[in-house]
Amino acid sequence: MALVTSTQMFKKAYDGGYAIGAFNVNNMEIIQGITEAAMEEKAPLILQVSSGARKYAKHVYLMKLIEAAIADAEQSAGFDLPICVHLDHGDTFELCKSCIDGGFTSVMIDGSSKSFEDNIKLTRQVVEYAHDHGVVVEGELGTLAGVEDDVKVAAEDSSYTRPEEVEEFVSRTGVDSLAIAIGTSHGAYKFTAAQCTRNADGILVPPPLRFDILDEVSKRLPGFPIVLHGSSSVPQEFVKIINENGGKMPDAVGIPEAQLRQAARGAVCKINIDSDLRLAMTASIRQYMAEHPDHFDPRQYLKPARANIKALVKHKLVDVLGCNGKA
Ligand code: G3H
Ligand code: 13P
Ligand code: ZN
């Protein structure tokens, strides 16, 4: 099967009350871990590439690795693995164009830090080029806190999406999906300790997402796919392994999975996960290194790291997104 856009995936996800996982990819082991999980769970998949990932691995390597994953699924399991390749947080028309020309089937143009009018103008420009080339576009309204590539948005500069703006934004830009800000943020430190309470074990419990904003947006855009960025849950078992094996990640905290499941039942059709993959990989490698100080063959520590990513992604597909069996 060739690469697909997210159009059919989102329509089925909206109607079926589940979401598609959009996982960030940077190297072969990450791509293999994610795609093997999706293959075994028969789940549709979005693999997303940030501009940092393109700089790290190069566009052509990532595209060829993704093509290899599709071929492998076909050869080893006779399974047509539906994959949409998406640019994550495109910030210029030129970057989006380069990804469209290079074979991506979906791009995000993130004009969320611009004025409403400038965001519309830039997004419209990308939509026109993308649609002419059979590619779909994700826009964003509202600003998430956290770090993407070199852009750092401080918590005080983040802002929730204003529901009263969404209809005008979607109709004037022609976007195919919309990322909104309802309290998620990028990275492994989504809330300060002061914003949270602590449970009996001393683990931070974050404030709930703003489902009232999500509900208002969905009412104003019936049937329209909504995207959640910053949706890692920062599994505490990984944080513990990292901290016990030479790491230092005090008070890392994410979005509770039950809230993501709730969002996926409604209008949220795409849920972005990157930090949890990084934590799975890092926890595994740190533990392996600590337990095998004499090993130096990268395959020895990358193998369990890849397996840990696969197990994590299976859990997300089945227990959080609900998209297993939907391919
Ligand atoms: O939204 C941010 C993603 O986690 C990508 O991160 O820009 O460091 O590749 P990156
Ligand atoms: P996390 O940092 O929560 O994994 O978010 C990833 C993301 O939104 C990529 O666009
Ligand atoms: Zn993001």
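1. Start at ligand 2. Its shell draws at least two residues from each of three elements: strand 3 (83–90), strand 12 (268–273) and helix 11 (275–291). Keep in mind that this is a predicted model.

2. Which residues come nearest to ligand 2? They are His229, Ser232, Asn272, Asp274 and Ser275, out of 14 residues around the ligand. By class, the shell has ten polar residues, three charged and one nonpolar.

3. Now look at the barrel. Eight strands close it, in the order 1-2-3-4-5-8-11-12. Their pairing is parallel. From one strand to the next, the twist averages 25°.

4. Strand 11 (residues 226–228) joins strand 12 through three bridges, in the parallel sense. Here Leu228 stands opposite Ile271 of strand 12. As a reminder, strands of a sheet pair through backbone hydrogen bonds.

5. Helix 2 (residues 28–41) lies across strand 1 (20–24) and strand 2 (45–50), and runs at about 165° to strand 2. Helix 7 (residues 166–173) lies across strand 5 (136–141) and strand 8 (177–180), at about 150° to strand 5.

6. Finally, a helix pair. The axes of helix 5 (residues 93–101) and helix 6 (residues 116–132) come within 10 Å and cross at roughly 20°. Helix 5 is therefore roughly parallel to helix 6. The crossing is right-handed.

7. What meets what between these helices? Phe93, Cys96, Lys97 and Ile100 in helix 5 meet Leu122, Gln125, Val126, Tyr129 and Ala130 in helix 6. Seven of the contact residues are nonpolar, one is polar and one is charged.

Methods:
Residues are numbered from 1 along each chain as its sequence is written. Chains are lettered from A and ligands numbered from 1 in the order in which they are written. This is a predicted model: local features need pLDDT of at least 70, side-chain atom pairs count only at pLDDT 80 or more; totals for chains, interfaces and linings use all residues. A residue is near a molecule or strand if its C-beta atom, placed from the backbone, lies within 6 Å of it. Helices (H or I, at least four residues) and strands (E, at least two) are DSSP runs, numbered from the N terminus. Ala, Val, Leu, Ile, Met, Phe, Trp, Tyr, Cys and Pro count as nonpolar, Asp, Glu, Lys and Arg as charged, and the others, Gly among them, as polar. Axes are lines fitted to C-alpha atoms, for helices over the stretch in contact, and angles run from 0 to 180 degrees between N-to-C directions. Angles under 35 degrees count as roughly parallel, over 145 as roughly antiparallel, 65 to 115 as roughly perpendicular and the rest as oblique. A crossing is left-handed if the near helix is turned anticlockwise from the far one by less than a right angle, and right-handed if clockwise. Two residues are in contact if their C-beta atoms, placed from the backbone, lie within 7 Å. Two strands pair if DSSP finds at least two bridges between them.
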